[in-house]
Amino acid sequence: MIPHLTLLAAEETTSLIDWWNSLWFRPQSSTVAGQVDWVFNFVMAVCIFFFVLIVGMLLVFLAKYVSRPGHKPESSPSHNDKLEITWSVIPLIITFFIFYYGFVGYLDMRTPPDDALEVKVVGKKWAWSFQYPNGAIDSELHAPLGQPVRLVMSSDDVIHSLFIPAFRVKQDVVPGRYSKTWFTATKTAPEDNGDSFPDPDEGGFDLFCTEYCGTSHSQMKAKVIIEKSDGDFLNYLNKINDPRNGGAPVEVGEKLYNRRGCVQCHSIDGSAKAGPTWKGSYGTEAELVTGEKVKVDENYIRESILNPMAKVHKGFNPVMPTYQGQLKDDEIFAIIQYIRSLSGTAVEDWPARPEAPVVDPNAPPKN
Amino acid sequence: MSTATEHSHAPHAHDEHGHGHGEHLPFQAHHFADMQQQFEAGKLGIWLFLAQEVLFFAGLFCAYAVFRANHPEVFHNAHYHLNTLLGAFNTIVLLASSLAVAWGVRCAQLSNTKGIIYTHVFTLACASLFLGIKMVEYTHKWDEGIFWGAKYAYQAGAAPGHHFHAWLQPTMLVTLIAGGLLAVIGLAKGKAGKPVAGWTLGAIGVTVAAIGLGIIIGQGVNAATSPAAHGAPSEHAASEHSASSDHAAEEHAAADAVPTPDQASEPMVDRSGAATDSVPAEKTAGPDEAPAMPATPPINVTQANFFSIYYFMTGIHAVHIIAGIIALTWIVARAAANHFNSVYYGPVEYVGLYWHLVDLVWIYLFPLLYLIR
Amino acid sequence: MVTQAKEHLDFHSLGLTEDRRVIIPEGKSYLSGGGLWSWVFTLDHKRIGVMYLASILTFFLVGGIFALLVRAELYTPDIDLISKLFGLDAEKAKDKYNEFFTLHGAIMVFLFIIPSIPAALGNIILPMQLGAKDVAFPRMNLASYHLYVWGALFFIGALLMTGLDTGWTFYAPYSTTTVGPVAMATLGAFILGFSSIFTGLNFVVTVNTMRPKGMTWFRMPLFLWGVYATAIIQILATPVLAITLLLLTFERVFGLGIFDPKLGGDPVLYQHFFWFYSHPAVYIMILPGMAIISDVIPTFSRKPIFGYTFIAYSSIAIALLGFLVWGHHMFTSGQSPLASVVFSAITFSVSIPSAIKVFNWTATMYKGSIHLNTPMCYALSFIFLFTIGGLTGLFLGALNVDVHLHDTYFVVAHFHYVMMGGTLIAFLAGLHYWWPKIFGKMYNETWARVACVIIFIGFNWTFLPQFVLGTHGMPRRYATYEPQFQAGHRLSTQGAFFLGSGLFLAGGVLLHSLLKGKKAPPNPWGAATLEWKCCSPPTTQNFETTPWVGFPYDYSDFVYDPNEEGYVEVLPDLARSAKH
């Protein structure tokens, strides 16, 4: 049965230790993984010792003392306090060591270095999203090799739990509070070599949700991509930072509508929610609470996004938060194009613009 | 019964005596060797049951402790809505009832059947008085929109949104009349030589009527502590419930004027806007759809949470009172049937112990909920 | 303490005279007579126990079917089997899967394991081991069963309404927001909680006040110690679950705002409450199992139990320490690191009393005469499986290893080794041990042992691969999984069906014995505890004559009699001992 199980780990086994580790674990890919595996192996050694001892005694006694013709039970003491205290105290001492090693490893796990790169994580049924210091959001977690990354996590609905097996890192994501964890990757995931046998962590480390959260709990997963260098990481940040990489403006606008909270108050099917619907609104005349009328055009939409209280649509409460500083010009442009598309108005492609500026990942969100 | 004096010094003695008489006394179950074993089994049983009850309430006290430790200001502000005088009155009522029950157990040990009945009927009256007063407290809070959790809709100075207290008057009349009627029928039955039916009906009558009495007292205390509120509860709703004295009223006014951090962060409309503060997100974003980024706000604990705890704790306590009323009535009926004497009085003691626990829980609830300073 | 080898030196070959035989008078079986009503409202602890037994075995079947459905679905990484079987699209099929594992867990925990040994076997055996006619409060005992039925009806209601998908843990805020019949299920569990409290209360009072003369605390059978310790936990932990589930129900129905963060509640508080009960509940499940093993092993080794007092105290130690370790379910939940460290430290201390028991059981067999009857086979299988279950707990107690293993299949495998490899196997040991006493029939030993071996192999086949899946990061409660995990899941599913067939075989053997089994002698195994000193099956009063109370593990006075195909108690030879 055991050899069969080794199929789970497709690593080449060069030595007994490698074979053993690949039987039980994914390759250690973070700074804490080695410690976790060491404690695991220590406990395993203790377990194997006691298991062999107990089952061995069981089998020996069974062989020697099984009832058979001519065999009688012999007299033996019914208790032996010294023996019993011995086999109480020795395990107690051993468990103390297990506790101690686990405790030390745990402290390391819970104490991120001060210079850690902070990534905000939001769990929501049933997807993860990761926000980098420059404000860019992605559904994959990218991090530079060898640099500590601190995850500050929150949930929009129920409890989730972020688990990266290769890093031996796990932390529940609880609604109504921020939970934190961190890791420093020591390896990049193996490239996807297209073979038929699925390797763990191929093409990016697996990231799972391990706290049951409903229908698609098992599909609430993401990939962790470790960039080989800081430069690669910056390139990645720049790539996701530029909305134009998301496709045509209308597509980007639709994504923003869903991702940035518009969907909660604005419908696209004509029904009124907390705010006016977007369907067919472009180009119409809107009546304001002041009684004035205003044409719904690029300028009005732009103003409403950046300064929602300036011209409030009649029949709606002034509850919209400002998106000043949260949406880039290109993103506002994309949203406008999306609203235009909902009214059947012709949409435009990205306007000409110079290359996006290089962004420092540790800089605070700008624009 | 005839040997009551001889046994009065200790229950132990007459149990042994009972054992000596022979195998089966009227209320000895077949599987017990003797009455003493039966009594001890019952007593251990009720103590274990009470231990279970303590842990049942312990969960609630833990919840209380956690919420109060994390948000002391919420609890401090919220408790001004509770009428300390009514709480104190109820505390006295329950203490009196506990005394009566203990006295009743003593009467049982002395084979004094009349004593058992009188003390237990008094206890029943206290229990109902308590419930009547609690009804007044609840309805006045509901009128102001002080509900629990999601239903909380209190706004300082707003007109009452409900008129639950309109039901108090009819309830009072119905309970007084029905209770009185039952008591009179009971009296008649008793005179007609049916003590069991008579005392049982009488006890139920007193119980029902005491609810009405509780309502009268509750409303009276309410009116006395806040004269303005009685005529026009809408005028300054807050003072009605805070003030057991002018001093407290002033304090509360101060608390209203200078909002604590909790109030400042969510001014006045404590929970009414629960639905709008978190516009419900579309429930199912597809698995490939990354969620909106601005992260969820931290937990927002408000007075609504205090009242969730208040209603749940006092509500569960009231359920225990009602269970106690049923048990006490059962004791009255059995006492009237002359079941209890110095040899067999276990049930009286067991119910008495239970009643002490119900009392004890209130002894903790009162300062924890009403006397937060 | 020297005992005689029974089969080879039996009553006749030892030259014992008939006047030294302790006669156990036959009487009218408690099973016979009376219609349906005489069962439903019976006050006889044995009949209540038999009704419990029938009920829990029914729910074991139901829970087992859900387990097999879950395992079958996991044979492939995609959600295909349930889709095809029920004609559902992938989303609906995943919901269905979630319901299945929820019902499997909830039914197994609340309707099977918790009442299995205490309420079913305990109810029948406990008063008899005390030489008593009944438990202290027979009416409360009946009420406990009726509450069980009501609680079960709520669960069946939730099952029929479909959509209960919270997992058996009912974690808030998922449970307060999902659409299924959660309130119904939690109310059911609330009612079952009181059923459990009543049983525990009854047992504590019975053991405390109704021990016969001569049975001091340290002359009690260890089964009583175990059930007594269990009963203490039932009384002290279950009310906390009751209040928690009541709060949860109110949270859902009335929007109370204690656990739901949207209303200012604290979801981690729910977990504290829940595990304050549910961790001790683990000991409600395993302690009576250990208790059965402590009775079975000495009987079939024909040796007094080794280290009686250590075993007795370890039961109490487990019961008490079990209350202090609930936080080890929450190392990754966001509780404070300090709390995690403290809970981890205390957790390791619980492992010691369990270790003591295992060592003592093993030592009991030393120099014995081991009879491999079916109950003993199960007991040996228990030691093997429970040792694995207990030792794998050490991994989960270690803080940093637990962070990696929490909520993976490693945990699933661990608690199945304890709950199923431990409790269920011990339950089967007890069932086979007391079956002749309860129903007065002997089962077919050969087939029962075959079933035991199949269960043992099937069990390891099912759950060993899950340890490996877990360390590789396979999360639990997943309807679909990465293809890399398929090899392990395949093994596990194959094993599950093998295991299932073994359980069916065991059930078949027992049912067959009811119809065709030979009549059981009063004492087929030569045990020295009191329940064997009345006829099989007992009368309603249990004992027609008051039994003599000896040390429960002294087998020297029990001699095999081939005519009875069982053991008889031998009175001391007064003439001979006078000469000495």
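Mentor: Leaving aside residues up to four places away in sequence, A:Leu207 touches A:Trp128, A:Leu141, A:Leu162, A:Phe163, A:Ile164, A:Lys221, A:Ala222, A:Lys223 and A:Val224. The model is a predicted one, and every value here is computed from it. A:Leu207 sits in strand 9 of chain A. There are 23 C-beta neighbours inside 10 Å of A:Leu207, so this residue counts as buried; the cut-off for that label is 20 or more.

Chain A is divided into domain 1 (2–67 + 75–110), domain 2 (117–243) and domain 3 (249–342). Between the centres of domain 1 and domain 2 of chain A, taken over C-alpha atoms, the separation is 32 Å. Their contact draws nine residues from domain 1 of chain A and 15 residues from domain 2 of chain A. On the domain 1 side of that contact, five residues are nonpolar, three are polar and one is charged.

Next, the cores. The largest nonpolar core has 365 residues, and C:Ile107 and C:Ala429 have the most contacts inside it. Domain 1 and domain 2 of chain A both give residues to this core, so it lies between them. As for C:Ala429, its contacts beyond four places in sequence are C:Ile292, C:Ile293, C:Val296, C:Pro375, C:Tyr378, C:Ala379 and C:Phe382.

C:Tyr378 leads on to a helix pair in chain C. C:Thr374, C:Cys377, C:Tyr378, C:Ser381, C:Leu385 and C:Thr392 in helix 12 of chain C meet C:Glu445, C:Ala448, C:Arg449, C:Cys452, C:Phe456, C:Phe459 and C:Phe467 in helix 15 of chain C. The residues of this contact divide into eight nonpolar, three polar and two charged. Helix 12 (residues 374–397) and helix 15 (residues 445–471) of chain C pack at an angle of about 10°, and their axes are 9 Å apart. Angles under 35 degrees count as roughly parallel, and helix 12 and helix 15 of chain C are therefore roughly parallel to each other.

Some backbone details in the loops of chain C deserve a check. The loop between helix 11 (337–364) and helix 12 of chain C holds C:Lys367, which has a positive phi of about 60° although it is not a glycine. C:Lys367 is partly exposed, with 17 other C-beta atoms within 10 Å. C:Thr162, in the loop between helix 5 and helix 6 of chain C, also has a positive phi of about 60° and is not a glycine. With 13 C-beta neighbours inside 10 Å, C:Thr162 counts as partly exposed.

The loop between helix 5 (138–161) and helix 6 (174–177) of chain C also contains C:Pro173. A cis peptide bond joins C:Ala172 to C:Pro173, with omega about 0°. A cis peptide bond also joins C:Ser536 to C:Pro537, with omega about -10°. C:Pro537 lies in the loop between strand 2 (518–519) and strand 3 (558–561) of chain C.

That leaves chain B. Chain B has 15 helices and zero strands. Of its 373 residues, 49% count as buried. Among contacts in chain B between residues at least 6 apart in sequence, 75% join residues at least 24 apart.

Methods
Residues numbered from 1 in each chain as written. Chains lettered and ligands numbered in written order. Predicted model: local features only at pLDDT ≥ 70, side-chain atom pairs only at ≥ 80, totals over all residues. Core = buried A, V, L, I, M, F, W, Y, C linked by C-beta atoms within 7 Å. Buried ≥ 20, exposed ≤ 12 C-beta atoms within 10 Å, placed from the backbone. Domains from an automatic or database assignment. Contact = placed C-beta atoms within 7 Å. Axes fitted to C-alpha atoms, helices over the stretch in contact; angles between N-to-C directions. Helix = DSSP H or I, 4+ residues; strand = E, 2+ residues; numbered from the N terminus. Parallel < 35°, antiparallel > 145°, perpendicular 65-115°, else oblique. Nonpolar A, V, L, I, M, F, W, Y, C, P; charged D, E, K, R; others polar.
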